[in-house]
Amino acid sequence: MGSQGNNWDVEQGEDKALVKEHHRRRSDLEPVTKARFRLFSVFLANLQEVIFGTKLFVLFPAIPSAIFAKSYNLGRPWIFALSLLGLTPLAERISFVTEQISFYTGPTVGGLLNATCGNATELIIALLALHQGKIDVLKYSLLGSVLSNLLLVLGSSLLCCGLANLNKEQKYDRKQADLNTLLLLLGLLCHALPLMFKSSVQPASHRVHPLVQGYILLFSRVSSIVLLIAYVAYLFFQLRTHQQLVEEQEEGERSEETDEKPVIGIASGIIWLIGMTITIALLSEYVVGTIEDASDSWGISVGFISIILLPIVGNAAEHAGSVIFALKNKLDISLGVSLGSATQISVFVIPLCVLVGWIMGVPMDLDFGRLQTASLAFAIVLTSLTLQDGTSHYLKGVVLCLAYVVIAACFFFQKLPSDSECLQLINNFC
């Protein structure tokens, strides 16, 4: 009996030990399970806000479709079209993510981050085109981005603001607009001088001498360093010496919002930003690699695709945000978005590409051609005259948009037909 009692006590002790061990393991697993469930719920919430929080979410299936078309070689024009469609929602959503991150970084740094990431598509396409030696595509896309921001984005913003606020005074602060115009004119000077230098050395009818081309390349590199110095001074002006003026304007505009709060965390925002940047780089590589095939297949010049179509996709974020603020009669923000993006392309992205090309051994210069430089000059002068009085109305927006239409039509007809096509056109007209 005594031994049986002892055995019973031992068994009872072992059972209790097993129960305690089971409860301990269960208690250890509960935090892990809760953490996994919480991460999953956060991911679903972020997915709802980032992917399905825009009306352009219907274009997201174009991203896997482009990858599928590239993997199975379904036709290079199809790859180009699907990649272009896939870049459209990504360009808009990357602006949304940077806006969410700006809630944690402050208005000035957030605005700078938003402007930089808003040009991520153009910058990635430019660097890929530079790597593949497609200098014309690179120049056209960057020029088109400046034209799109100055004429299409700003023009549609002024037009929408004027129509939505007919009975209200439409005013804006000229200080920031004047500053951006000065930088744009400096960039225009660096584009015009190579053309004037080339025309002064030898007649336009002759082929450019290699020595002259070498001088233009050296001058472009020196000018690019000057433009980057100007951009650093511009950043120092915004972030240090005149930070208070810039932040007062931005915080005053934000205070009018109804206690807007971030919907995703900063860690989630950074992860989404990295993922979208990688996806943009992949689709941009598809676009740059197939643009000539799409041009030949569709009968549209590479210049029109690069100057008009690519910037419209790349500036989707700026376009949408600028118009939304314009509808609320907040022209200071709209001007900051459109002019800020154009300025960053002109005095940062373009000279950066020249210097990167110098490192890579690619002869990238600031000679964009007479037609392209003239279009840029007229766009900057027209924008400057439009913004000179500090007030706006819808007719100013109409003029800027129509100017963009005229420039787009010019580059649409830039592709010269072959001799047989010329004869056929003559016969048709006769």
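Lys396 is buried in this predicted model, with a relative accessible area of 13%. The side chain of Lys396 meets that of Asp389 in a salt bridge, 2.8 Å from N to O. Asp389 itself is partly exposed, at a relative accessible area of 43%. Side chains of opposite charge can pair when their charged atoms come close.

The whole structure holds six salt bridges. One of them joins Asp367 and Lys198, whose closest N and O atoms are 2.7 Å apart. Asp367 sits in the loop between helix H13 (331-360) and helix H14 (370-386), while Lys198 belongs to helix H7, so this pair ties together parts that are 169 residues apart in sequence. Both partners, Asp367 and Lys198, are buried. Another salt bridge links Asp178 to Arg174, with 3.6 Å between the closest N and O atoms. Here both residues lie in helix H7 (residues 174-201), four residues apart, which is about one turn of the helix. Asp178 is partly exposed, with a relative accessible area of 33%, and Arg174 is also partly exposed, at 36%.

The chain as a whole provides the setting for these pairs. The secondary structure of the protein chain consists of 16 helices and zero strands. Of its 430 residues, 45% are buried. Among contacts between residues at least 6 apart in sequence, 85% join residues at least 24 apart.

The largest nonpolar core has 92 residues, and those touching the most other members are Val50, Val97, Leu138, Leu142, Leu150, Leu151 and Leu335. Helix H6 (residues 135-164) gives the most to this core, with 14 residues. Leaving aside neighbours within four places in sequence, Leu142 is in contact with Glu122, Ala126, Ile345, Val349, Ile350 and Cys353.

Helix H2 (residues 62-71) has Ala62, Ile63, Ala66 and Ala69 as buried residues. Viewed down the helix axis, the buried residues of H2 fall within an arc of 125 degrees, so they line one face of the helix. These residues pack against helix H3 (76-105) and H10. After H2 comes Asn73, which has a positive phi, near 50 degrees.

Four residues of the patch, its largest share, come from H10 (residues 266-298). Ile270 lies in this helix and counts as partly exposed at 41% relative accessibility.

Notes
Residues numbered from 1 in each chain as written. Predicted model: local features only at pLDDT ≥ 70, side-chain atom pairs only at ≥ 80, totals over all residues. Heavy atoms only, no water. Helix = DSSP H or I, 4+ residues; strand = E, 2+ residues; numbered from the N terminus. Buried < 20%, exposed > 50% of the residue type's maximum accessible area, 1.4 Å probe, protein only. Core = buried A, V, L, I, M, F, W, Y, C linked by side-chain atoms within 4.5 Å. Contact = heavy atoms within 4.5 Å. Arc of directions from axis to C-beta. Salt bridge = Lys/Arg side-chain N within 4 Å of Asp/Glu carboxyl O.
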